[in-house]
Amino acid sequence: LLRAALQREMNALAEDVEAARKLSFLDRRLEMFDVINAHPRLALTALLAIDQDPEYRPLPFLHETRADYDEGLAEGEIPSGLDVEALHLISLTVAIGMAVYGKSAARQLGIDVAVLHDRMRATFEAALHALIAEFES
């Protein structure tokens with residue numbers, strides 16, 4: 001049941017993923033941070049990973065994502081040497097982490113979850129800029 005419910009959540013992302021494909025590499029990562037956090041039930045996918053479910057695929061749009069990254073590398077939008085697959089997984093981890101811990105962390109910090117989201121997004125954006133700059137020539 002959990003897998004079926006989460007599959008429906010993942011399927012609901014298809015339109016957002018397709019729209020994000022038109023954005024720059026950095027903007028796409030930020031958009032997906034927002035999209036994942038707009039679907040808080042996606043945090044439950046962590047249970048499938050923890051359970052080591054052999055059918056769970058944490059990168060449901062991997063084929064399209066790789067094609068986009070290959071195009072970005074070929075066009076020079078993404079600097080060569082940048083490990084886009086690792087950065088993609090870092091992005092996913094940050095977004096799912098916010099989905100998992102966001103409400104509890106905001107409560108503990110004494111702030112609204114929307115404020116925490118904005119702070120996390122700003123910090124994530126700065127980190128992405130720094131990582132990309134590290135590989136630009």
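Colleague: Is the crossing of H6 and H7 left-handed or right-handed?
Modeller: H6 and H7 cross in a right-handed manner. A crossing is left-handed if the near helix is turned anticlockwise from the far one by less than a right angle, and right-handed if clockwise. Please note that this is a predicted model: local features need pLDDT of at least 70, side-chain atom pairs count only at pLDDT 80 or more, and totals for chains, interfaces and linings use all residues. Residues are numbered from 1 along each chain as its sequence is written, and side-chain values use heavy atoms, with hydrogens and water left out.

Colleague: Where do H6 and H7 lie, and at what angle do they cross?
Modeller: H6 covers residues 84–109 and H7 residues 113–135; their axes come within 9 Å and cross at roughly 150°. Helices (H or I, at least four residues) and strands (E, at least two) are DSSP runs, numbered from the N terminus. Axes are lines fitted to C-alpha atoms, for helices over the stretch in contact, and angles run from 0 to 180 degrees between N-to-C directions.

Colleague: How are H6 and H7 oriented to each other, then?
Modeller: H6 and H7 are therefore roughly antiparallel. Angles under 35 degrees count as roughly parallel, over 145 as roughly antiparallel, 65 to 115 as roughly perpendicular and the rest as oblique.

Colleague: Which residues meet there?
Modeller: On the H6 side they include Leu87, Ser91, Val94 and Met98, and on the H7 side they include Val113, Leu116, Met120 and Phe124. The residues of this contact between H6 and H7 comprise 12 nonpolar, 3 polar and 1 charged. Contact means heavy atoms within 4.5 Å. Ala, Val, Leu, Ile, Met, Phe, Trp, Tyr, Cys and Pro count as nonpolar, Asp, Glu, Lys and Arg as charged, and the others, Gly among them, as polar.

Colleague: And H3 with H6: parallel or antiparallel?
Modeller: The axes of H3 and H6 come within 8 Å and cross at roughly 30°, and the two helices are therefore roughly parallel. Their crossing is right-handed. Among the contacting residues are Phe25, Phe33 and Ile36 of H3 and Leu87, Ala95 and Ala99 of H6.

Colleague: What about H3 against H7?
Modeller: Their axes come within 10 Å and cross at roughly 155°. That makes H3 roughly antiparallel to H7. By class, the contact of H3 with H7 has 8 nonpolar, 3 polar and 5 charged residues.

Colleague: Is phenylalanine 33 buried or exposed?
Modeller: Phenylalanine 33, which lies in H3, is buried, with a relative accessible area of 1%. Buried means under 20% relative accessible area, exposed over 50%, and partly exposed in between (1.4 Å probe, protein chains only). Leaving aside neighbours within four places in sequence, phenylalanine 33 is in contact with Val94, Ala95, Met98, His117, Met120, Arg121 and Phe124.

Colleague: How far is phenylalanine 33 from alanine 95?
Modeller: The two are 62 residues apart in sequence and 4.9 Å apart in space, C-alpha to C-alpha.

Colleague: Changing topic, how many residues does the largest nonpolar core have?
Modeller: That core has 27 residues, and Leu13, Phe25 and Leu82 have the most contacts inside it. Helix H2 (14–20), helix H3 (25–38), H6 and H7 each supply at least two of its residues. A nonpolar core is a set of buried Ala, Val, Leu, Ile, Met, Phe, Trp, Tyr and Cys residues joined through side-chain atoms within 4.5 Å.

Colleague: What does leucine 82 touch?
Modeller: Not counting residues up to four places away in sequence, leucine 82 touches Phe25, Leu87, Leu131, Ile132 and Phe135.
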